[in-house]
Amino acid sequence: MDALLTTQIIGGPVPWILSVLSALFVLLLVLRRPSPRWMILAAAGILAGALIAFVFVVIADATGMFEIPLPAEVATWCIATFAAVGLAIVSLWKTRWRRRAIAIVGIAVFAITGTVQVNAVFGLNPTVGDLLGVVVRHPIKLPKAHATSSPTAGEPLAATWVAPHDMPTVGRVGTVTIPAPVSRFHARPAGLYLPPAALVKDAPALPLVIMMMGYPGTPNPDPISAVMNRFASQHEGLAPIVVVADQIGTGGDPACADSAARGDAATYVKTDVLDWAKSHLHIIQDPRYWVIAGYSNGATCAVKFAAQDPDAFRNVLSVSPEEYPGMHYSQTVIQSVYAGDRSAWAADKPEAILGAHTGSYSGVDAVITTGALDTAFGPATRSLAASAAAAGMHVTLLTLPGVAHVGKNLADGLTAGFARLAPALGLAAPCNGCSEAAG
């Protein structure tokens, strides 16, 4: 089962194999003795399937069913998939059992191919397990943790670090179970990334990143580990240690909050995860070298948690956040998380928290990114960035060219964000020529 769940469905051979299989099944269904009746029936099935898919896409965009406008590639794959299924369905009538069997198997192949290809467009679920929301455990051995004070003033780690000759070229990735003694939150296993510098004898204490992914999604460390490996390759093996925490759990979106209905997600991340990292990982024991980070839903949580606890979270990396958690399904959040209390919901929005504590964020460095083509979340991201800046955070807003909310957005946002934060984390020379904001 683990082999199936860990099968890669973004990149690699699987999408190509499925596409070729689908084309083969279409060919098998089309190639039959021609007759006017069959030609009309086949055309009707294809057109009906395509029309159903087109109407579905239009309704989904009009109602905000998936929170963002569906990319053109998604619409194309939906139409192609439904058209092929329509052809298979009309092939079930008045034909031999072999053709019926081909049609039945073809429907399954078309559906799987369409799902995999649509997922590839979004680019966030690299394995079958991720697509299903299942975390496959890959226990990872932790290097010995011990208390380490912050680096000597004026001596960033990058200035004193000499990489040993036997240092691995890439980091190590796995999963860890983080207890929840304070929150009692039902979280899935967290992802963990250890950079090359953490894997050598007498490893240095390194900065900490607590990362949160989007909703729905899993705490998969692979997307950020790919970015961190590239970062480490450019910085003599140095990179932060990353914990990919599960701020979602198993009961629906808890909206970065503590609630009776969906658990104490905020306390889990801010207290249980942070306490575990401080006691189990060889990190610099100084909040100036800690980053709270996230993408989409997790990005909103990152800003909110920093707004609530700026003493613990001195650095923020927020990739395409919403203006507030559950922005596109507010009524559901109000009823489930806040028990229908609209006042409590409004007061718990990140912008409300920031406004209530204006002037409390001296020394908090926030990098917020948005895709230049992200029409669904872009305005909300810019509004949240403006609120954080008005409250006193040092905000850098980066607009990423050529990306929307999905696809390359996550990797590009993390890459740009860590490049910006690297000097503050002691992993690079000061960035004297960086622009303060873009977009």
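Student: How many nonpolar, polar and charged residues are in the lining of the largest cavity?

Tutor: Eight are nonpolar, two are polar and none is charged. Keep in mind that this is a predicted model.

Student: Which residues line the largest cavity?

Tutor: The lining consists of P143, L194, A198, A203, P204, L206, I241, H280, L281 and H282. The volume of the largest cavity is about 50 Å³.

Student: How many cavities of 30 Å³ or more are there?

Tutor: Two. The second largest cavity has about 30 Å³, and A255, Y324, P325, Y338, W345, D348 and K349 line it. By class, that lining has five nonpolar and two charged residues, with no polar ones.

Student: OK, pockets. What is the volume of the largest pocket?

Tutor: About 960 Å³. Its lining has 40 residues, and F66, V118, F122, N125 and P216 lie nearest the centre. By class, 24 are nonpolar, 13 polar and three charged.

Student: Which element gives the largest share of that lining?

Tutor: Helix α5, with six residues. The elements that give two or more are α4, α5 and α6 (128-132).

Student: How do α4 and α5 pack, at what angle and how far apart?

Tutor: Helix α4 (residues 72-90) and helix α5 (residues 97-122) pack at about 180°, and their axes are 9 Å apart. Angles over 145 degrees count as roughly antiparallel, so α4 is roughly antiparallel to α5.

Student: Which residues make the contact?

Tutor: On α4 they include W77, V85 and I89, and on α5 they include I107, F110 and V118. The contact has 14 nonpolar, four polar and one charged residues.

Student: Switching to the sheet. What is the strand order?

Tutor: Eight strands run β1-β2-β4-β3-β7-β8-β9-β10 in an open sheet with mixed pairing. At the edges are β1 (172-176) and β10 (394-400); each has a single partner strand, so one side of each has no neighbour in the sheet. From one strand to the next, the twist averages 15°.

Student: In what sense do β3 and β4 pair, parallel or antiparallel?

Tutor: Parallel, over five bridges between β3 (residues 208-212) and β4 (residues 241-245). As one example, V209 has V242 of β4 as its bridge partner.

Student: Which strands does α9 touch?

Tutor: Helix α9 (residues 265-280) packs on the sheet and touches β1, β3, β4 and β7 (290-295). The direction of α9 makes about 140° with that of β3.

Terms used
Residues are numbered from 1 along each chain as its sequence is written. This is a predicted model: local features need pLDDT of at least 70, side-chain atom pairs count only at pLDDT 80 or more; totals for chains, interfaces and linings use all residues. Side-chain values use heavy atoms; hydrogens and water are left out. Two strands pair if DSSP finds at least two bridges between them. Helices (H or I, at least four residues) and strands (E, at least two) are DSSP runs, numbered from the N terminus. Axes are lines fitted to C-alpha atoms, for helices over the stretch in contact, and angles run from 0 to 180 degrees between N-to-C directions. Contact means heavy atoms within 4.5 Å. Angles under 35 degrees count as roughly parallel, over 145 as roughly antiparallel, 65 to 115 as roughly perpendicular and the rest as oblique. Ala, Val, Leu, Ile, Met, Phe, Trp, Tyr, Cys and Pro count as nonpolar, Asp, Glu, Lys and Arg as charged, and the others, Gly among them, as polar. On a 1 Å grid over the protein atoms alone, a cavity is a set of points where a 1.4 Å probe fits but cannot get out, and a pocket is an open set with protein on both sides within 12 Å along at least five of seven lines; lining residues have an atom within 4 Å of a point. Grid points are joined across faces, edges and corners, and a volume is the space filled by probe spheres set on the points.
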